[in-house]
Amino acid sequence: CDLGKMAAHGARLSLLLLLCSVLEASSWQTVRNSTQPPPVVIWHGMGDSCCKGVTLHFIKLVKEAIPGIYVLSLQIGNSIKEDIKNGYFMNVNDQVELVCNILSKDRKLKNGYNAMGFSQGGQFIRAVAQRCPSPPMINLITFGSQHQGVYGLPHCPGESSQFCDWIRKLLNFGAYRNSIQKQLVQAEYWHDPMNEELYRSKSVFLADINQERGINESYKENLLKLKKFVMIKFLKDSMVDPIDSEVRMQCFDSVYLMVLFCINSCRCIKFYKMLLLGLSVL
């Protein structure tokens, strides 16, 4: 998987979608009576940080495309090093709560913001939309995110191969053990298709935001407040297994596949809608 090429292609597509939402009059000029475009909040992926690598590339592209825009790239921790580490070892629910607190205190976001999530950051920032409706999220775009979880970690992007091998061993040892669920980020969206009951009962994050353990009406209501929710799949992604998790969200008993279309005949984006999350209305 060439992250550089994926980032370059995804950047052009993301900016197209972002510009469409920002330039839409009803999106901000009329509703907010403002001369400024809505801010953008970015949650990076595994092995990356707020302010380097692929994320930094996207920040620059957004600022070049929309002069004067405020971009908040989320740093989970007090340093870039800590941010990267927390992408592996900080409980996801704690991360989401931390981000909700950050957003609520940022006055530049009070009238609403657009959100972008990369890889695991996509399902994390979706949880923000579901759990923290204030300040309001206007549009959400996720790139290669594992909305239905993963059952494999073929190419871990960590700087140390031994480090990644250690994570795989923990997942294989017992992804649903309480101690691992609470401390290993990737275990919190680990989805074993051969043992659904164990997943539903033990998953501390993904099963909750996907409404698979019980119905939280506020999750549905909050997600319905989005104007657009776009899930983008990298067709040659070698980090996600299964790859369809990037565009597929299902409630197992009921799967609602709604739209499939292609852009420039070289990339396809699937929009899936799940009734339990209100996506059949978006």
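How many helices and strands does the protein have?

1. The protein has 11 helices and seven strands. Both are DSSP runs, numbered from the N terminus: helices are H or I with at least four residues, strands E with at least two. This is a predicted model, where local features need pLDDT of at least 70, side-chain atom pairs count only at pLDDT 80 or more, and totals for chains, interfaces and linings use all residues. Residues are numbered from 1 along each chain as its sequence is written, and side-chain values use heavy atoms, leaving out hydrogens and water.

2. Start with the open sheet. Five strands build it, in the order β2-β1-β3-β4-β5, with parallel pairing. Two strands pair if DSSP finds at least two bridges between them. β2 (71–73) and β5 (228–232) are at the edges; each has a single partner strand, so one side of each has no neighbour in the sheet.

3. Look at one pair inside the sheet. β1 (residues 40–43) and β3 (residues 113–118) run parallel and are joined by four bridges. W43 has G117 in β3 as its bridge partner.

4. Now the helices. Helix α5 (residues 92–105) lies across β1, β2 and β3, at about 160 degrees to β1. Helix α6 (residues 120–131) lies across β1, β3, β4 (137–143) and β5, at about 145 degrees to β3. Axes are lines fitted to C-alpha atoms, for helices over the stretch in contact (heavy atoms within 4.5 Å). Angles run from 0 to 180 degrees between N-to-C directions.

5. Last, burial. Of the protein's 282 residues, 51% count as buried. Buried means under 20% relative accessible area (1.4 Å probe, protein chains only).

How values were computed
Buried means under 20% relative accessible area, exposed over 50%, partly exposed in between (1.4 Å probe, protein chains only).
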